[in-house]
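Subject: Structure handover and notes

Hello,

The structure is below for your files. My notes on it follow.

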Amino acid sequence: MNHQADLALLFPGSGSQYKGMMRSLYESSRMVQDTLHEADDILGFELSRLMFEGSTVKLNRIGHMLPAICAASVAHYRLYREQGGPLPAYMAGHSLGEYSALICSGVLSFRDGLTLVRFRARLAEAVMEATGGAMSIMKSVNPAQVALLCLSLQAEGRQVSIACQNSRSQVAVSGQDAALVELEQRVTESSAEAQISHLIGSAPYHCALMQPSAAEMTEELLKYNWSLPAGQLLSNVTGRPYTSIQEMQGLLAQQLYKPVLWQNSILYLLENGVQTFIEMGPQNILKTLMPEISAQTRVYAHDEKIDRMNIRDHFAAASTTPVTSPKAQASPTAADLRLKAISMCLTHAMTTRNNNQADVPVMPFLELYTQVKQMKHELDQGNLTLEEEHVALALSMLQAVFEDKRTPDNERELRWLQIKEKTGVERQAESTANTRRGPE
């Protein structure tokens, strides 16, 4: 069976879930229906109903979140293959995503892989309850400097360490909750640019707090039937392809308490000729992260409707032109550009530094940001038809973010200019949006 040499599929981990995930694809695809019903049968409860109708609080519970992301990722992969997507030369998953990759590469059956994911979730919940451990995401930081600060806290007897090397400027850190709070403070004091998100309700994955569970994980891993992967499958622990079943079983147990070397994995794939990446799972977290690792990549998120069309166009073009050509994509339409403008507003909203020193527990823009994020998902899923008012709402949201975060005028102008240059959308539409929406 031929594998496309310049193609890698990526599978996301915790945090990619969202309320209503997979609903649109479920309604339009028999393959997705069958896959999610299979997951329901394996788990013994209606996971699919939880995805479509469950509250965010319920979906965010570890025991629900991890199986939901894994089942959704497998459904995306099966739909991709049903629609003619070629087999990739490489697969890689971020944290939990390794298990989705194990299933899709044929190492484990869907039943065995999903059962392992549920077991891993139970271990994580137990460790979180026993240790009070958690995680934080740190953006716009120097990873080496964060590592040194972790070492200084460890020297004081505190348990905290880097959990995921995500990019040149982003890491996840795990540890005891009090140690995390101290680390966050020290990082903020050492870097004015740092952006930190403390993940409430997250287990302390990939750190020493999980190490006592490794033996139990190893015992569980040995209960299932394993096969060698179709294509190359990368390990989070080494950032390199697995070479044997025994190595997979050993490193997956270590993955509980060793950091995810995600940046190393992507750099390895680039060094080995991968030019096209497709994220298989909910949202587009890995796609969004990619420019922080390399700007020389073509990345799609299968959860985004427009990207699914672009994927089909890309492979259709590749069937008649050399696969090494990086310029095979069709020119974006006006609708493509407006949708991209909404995505850019969401990205700028999260990456703009907060200069507001007021002691405000919840920033006022968050409600509007959440509304726009949900709207974007509905557009990606095809549940909404893109209109000018959607773009205007996104621009209004970004303006509100600038106001709440007290963003300097020169930075605002620069960010508006970036949106205009890449999409042609100008912020004058923002005032129009306010007029159309009126008081609420």
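Lys376 is buried, at a relative accessible area of 5% (buried means under 20% relative accessible area, exposed over 50%, partly exposed in between, with a 1.4 Å probe and protein chains only). This lysine is found in helix α16, residues 365–380 (helices are DSSP runs of H or I with at least four residues, numbered from the N terminus). Leaving out residues up to four places away in sequence, Lys376 touches Glu304, Leu339, Ile342, Ser343 and Leu346 (contact means heavy atoms within 4.5 Å).

On provenance: this is a predicted model, in which local features need pLDDT of at least 70 and side-chain atom pairs count only at pLDDT 80 or more, while totals for chains, interfaces and linings use all residues. Residues are numbered from 1 along each chain as its sequence is written, and side-chain values use heavy atoms, with hydrogens and water left out.

Two helix pairs are described here.

Helices α8 (residues 143–155) and α9 (residues 177–190) pack at an angle of about 135°, with axes 10 Å apart (axes are lines fitted to C-alpha atoms, for helices over the stretch in contact, and angles run from 0 to 180 degrees between N-to-C directions). That angle makes α8 oblique to α9 (under 35 degrees is roughly parallel, over 145 roughly antiparallel, 65 to 115 roughly perpendicular, and the rest oblique). On the α8 side the contact involves Gln145, Val146, Leu149, Cys150, Ser152 and Leu153, and on the α9 side Ala179, Glu182, Leu183, Arg186, Val187 and Ser190. By class, this contact has seven nonpolar, three polar and two charged residues (Ala, Val, Leu, Ile, Met, Phe, Trp, Tyr, Cys and Pro count as nonpolar, Asp, Glu, Lys and Arg as charged, and the others, Gly among them, as polar). Ser152 in α8 is partly exposed, at 27%. Its C-alpha atom is separated by 9.5 Å from that of Leu183, 31 residues apart along the chain.

The axes of α10 (residues 214–221) and α11 (residues 245–254) come within 8 Å and cross at roughly 150°. Here Ala214, Met217, Thr218 and Leu221 in α10 meet Gln249, Leu252 and Ala253 in α11. This contact has five nonpolar, two polar and no charged residues.

Finally, the cysteines. The disulfide count is zero (a disulfide is a pair of cysteine sulfur atoms within 2.5 Å). The sulfur of Cys70 has its closest cysteine sulfur in Cys104, 7.7 Å away, too far for a bond. Cys70 is buried at 0%, and Cys345 counts as buried at 1%.

Regards
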